[in-house]
Amino acid sequence: MAEVMAGAATVDCRDRETRDINREIKRLIGEGAKEIRVSNPAGRHALAVALKVPDVRIEFDGPVGWYGAGMNFGPHIVVKGNAGWGLAECQMDGRVEVHGHVGSGAAASIRGGLVYVEGDTGARAGIAMKGGVLVVGGSVGYMSGFMMQRGAMVVCGDAADGLGDSMYEGTIYVGGTIAAPGADAEEKEMTEDDGVFLKETLSPFGIDASSFDFTKIESGRRLWNFSTKEPELWKTAL
Amino acid sequence: MCGIVGIFYKGEGKAGPVGQVLVDMCYQLFRRGPDSAGVALYGLPLEDGFVVRVDLERPDLDAAEGEVLVAIDEVSSVKEASRRTRSLRLVVTTDADGKLADWIEERAPGARVFSIGRSMEIVKDLGAADDVDHLYDLRGFRGTHGIGHTRMATESRVDTAHSHPFWARPFPDISVVHNGHITNYHKLKRRLEMKGHRFATGNDSEVIAIYIADRLQNGESLDDALRASIEDLDGTFAYLISTAQGVGLARDQFATKPLLYAENEELVVLASEEISIRKVFPDPGLVPRELQAKEVRWWLK
């Protein structure tokens with residue numbers, strides 16, 4: 001069993017079940033660990049989930065699987081590798097950094113905090129975000145930002161079809177090209193505040209916001225209320 | 001759900017432990033589909049003759065094997081024969097212009113021909129990949145490439161015949177594994193039946209194999225066939241199609257089912273989840289990528 005030494009501890013996932021690993025992480029946090037290294041995660045699912053601790057840093061030395069770092073309130077999770085579907089799903093607050101690629105549904109329904117993906121994501125990144133910030137260094141897949149309700153998504157690369165489809169509120173910035181915006185997703189004028197936000201959000205990751213020509217996407221709000229005058233819009237939205 | 005996996009060794013004649021790789025990767029995805037598991041293994045192609053894999057669903061296995069051998073002798077001849085539990089492996093001189101599978105099944109009740117090819121061998125059964133390996137010793141198989149599947153049945157019966165991979169019968173060496181549900185299956189099946197194709201099962205995934213084989217037979221490239229399938233297949237799918245030359249894959253327009261690919265100079269590895277890839281290939285230099293919506297890829301010898 002791992003022990004806490006000067007606030008730090010190491011957990012080895014080899015030959016262990018997910019539940020056992022998560023229990024060990026919680027036990028170490030209970031014993032005062034502030035810095036936990038997790039080796040050999042090898043793509044296991046649902047690691048480091050449901051943690052309500054503000055000042056703990058957990059670093060995975062390898063890829064995590066689906067639903068990693070989900071439902072957390074506070075911790076700082078770092079993944080040195082890929083992450084699977086549903087990364088940081090429903091995060092209330094905290095910070096997740098993935099130094100690799102992420103599957104579909106990255107930062108789904110997050111309410112707060114920050115999710116950073118160094119590489120690309122699959123489909124539906126930032127789906128139903130209710131707050132917080134999602135930063136993607138690479139490109140995002142099909143229907144990203146679908147039904148977004150609040151928060152911000154910054155994509156340095158390209159966005160596939162259906163970006164921001166049926167979004168209510170929130171803002172999406174895209175540094176590359178947008179294959180096609182989704183229903184009711186509209187390009188808006190960049191303001192000075194947007195420039196400041198992008199600079200401040202991206203600089204901690206060594207990304208120079210001024211090297212991109214960002215496009216800003218927000219809701220056109222034409223789907224907020226049903227209108228018989230726009231049957232075409234509703235036909236595609238539904 | 002269902003889990004799908006694949007391995008392809010790059011370069012003419014390059015081979016590796018295909019059986020072991022597929023079984024280990026498939027078993028990692030066990031919880032995606034615990035009903036049945038199977039693999040399509042591609043060995044070094046025979047210059048002369050065909051490999052036939054027959055499943056004997058009979059208690060009197062020796063008698064069933066005898067009936068199969070007698071049947072084959074009328075249209076072809078058997079060069080090698082071996083049997084492990086109910087899976088009969090034969091090397092025969094000819095597939096009788098694609099008629100051999102029907103010929104065997106008509107004359108040997110309970111015998112089902114799972115595959116015929118110069119290099120392809122399909123083995124599948126109920127249970128996890130580990131169980132199937134214990135029954136048929138798949139781990140020892142060396143080959144150039146292969147695909148595997150672990151099934152959670154949503155369509156058609158849970159039995160050995162309805163397990164994946166499916167052979168694109170009677171086309172030698174073409175097989176498919178599929179995660180998803182083809183909703184226009186009946187329409188596509190009818191259309192292909194009107195062209196003279198026949199279906200061995202009532203499973204929706206079989207239609208993908210016949211659909212691709214039909215296009216390849218008409219001279220289309222694998223790339224064209226894969227792209228056409230994205231438009232013609234309705235429903236949800238991530239599938240792997242394998243031929244004697246290599247492996248292709250495609251994902252539906254909504255990106256509903258997961259599929260990852262990772263490649264280096266020597267090999268390509270494919271799986272529904274990274275946990276499956278990492279069990280066999282822990283090298284962090286091999287980085288899996290998720291296939292995007294409507295994306296197709298292929299690797300050929």
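Modeller: Domain bounds come from an automatic or database domain assignment. With that in mind, chain B is divided into domain 1 (3–45 + 126–300) and domain 2 (47–117). This is a predicted model, in which local features need pLDDT of at least 70 and side-chain atom pairs count only at pLDDT 80 or more, while totals for chains, interfaces and linings use all residues. Residues are numbered from 1 along each chain as its sequence is written, and chains are lettered from A and ligands numbered from 1 in the order in which they are written.

Colleague: Thanks! How many residues of each domain of chain B are in contact with the other domain?

Modeller: Two residues are in contact if their C-beta atoms, placed from the backbone, lie within 7 Å. Here 13 residues of domain 1 of chain B touch 13 residues of domain 2 of chain B. The centres of these two domains, taken over C-alpha atoms, are 24 Å apart.

Colleague: How do the residues on the domain 1 side divide by class?

Modeller: Ala, Val, Leu, Ile, Met, Phe, Trp, Tyr, Cys and Pro count as nonpolar, Asp, Glu, Lys and Arg as charged, and the others, Gly among them, as polar. On the side of domain 1 of chain B that touches domain 2, eight residues are nonpolar, two polar and three charged.

Colleague: And how many residues of chain A are in contact with chain B?

Modeller: There, 21 residues of chain A meet 14 residues of chain B. The chain A side of this contact holds seven nonpolar, 13 polar and one charged residues.

Colleague: Let's step back to whole chains. How many helices and strands does chain B have?

Modeller: Helices (H or I, at least four residues) and strands (E, at least two) are DSSP runs, numbered from the N terminus. Chain B has eight helices and 16 strands.

Colleague: What is the order of the elements in chain A?

Modeller: From the N terminus on, they run β-α-β-β-β-β-β-β-β-β-β-α-β-α, which gives three helices and eleven strands. The radius of gyration of chain A is 19 Å, close to the 18 Å of the globule rule for 238 residues, so chain A is as compact as a globular protein of that length. The box filled by the C-alpha atoms of chain A is roughly 65 × 35 × 25 Å, taken along the principal axes.

Colleague: Now helix packing. At what angle do the axes of H2(B) and H3(B) cross?

Modeller: Axes are lines fitted to C-alpha atoms, for helices over the stretch in contact, and angles run from 0 to 180 degrees between N-to-C directions. The axes of H2 (residues 61–75) and H3 (residues 100–107) of chain B come within 9 Å and cross at roughly 135°. This angle makes H2(B) oblique to H3(B); angles under 35 degrees count as roughly parallel, over 145 as roughly antiparallel, 65 to 115 as roughly perpendicular and the rest as oblique.

Colleague: Which residues meet there?

Modeller: From H2(B) come Glu67(B), Val68(B), Ala71(B), Ile72(B) and Val75(B), and from H3(B) come Leu100(B), Trp103(B), Ile104(B) and Arg107(B). By class, this contact has seven nonpolar, no polar and two charged residues.

Colleague: What is the packing angle of H5(B) and H6(B)?

Modeller: H5 (residues 185–194) and H6 (residues 206–217) of chain B pack at about 40°, with axes 10 Å apart, and that makes H5(B) oblique to H6(B). Tyr185(B), Leu188(B), Lys189(B) and Leu192(B) in H5(B) meet Val207(B), Ile210(B), Tyr211(B) and Asp214(B) in H6(B). Six of the residues in this contact are nonpolar, none polar and two charged.

Colleague: Finally, where in chain B is Pro165(B)?

Modeller: Pro165(B) lies in the loop between strand S8 (145–151) and strand S9 (166–167) of chain B, and the peptide bond from His164(B) to Pro165(B) is cis, with omega near -5°.

Notes
The radius of gyration is taken over C-alpha atoms; the globule rule is 2.2 Å times the number of residues to the power 0.38.
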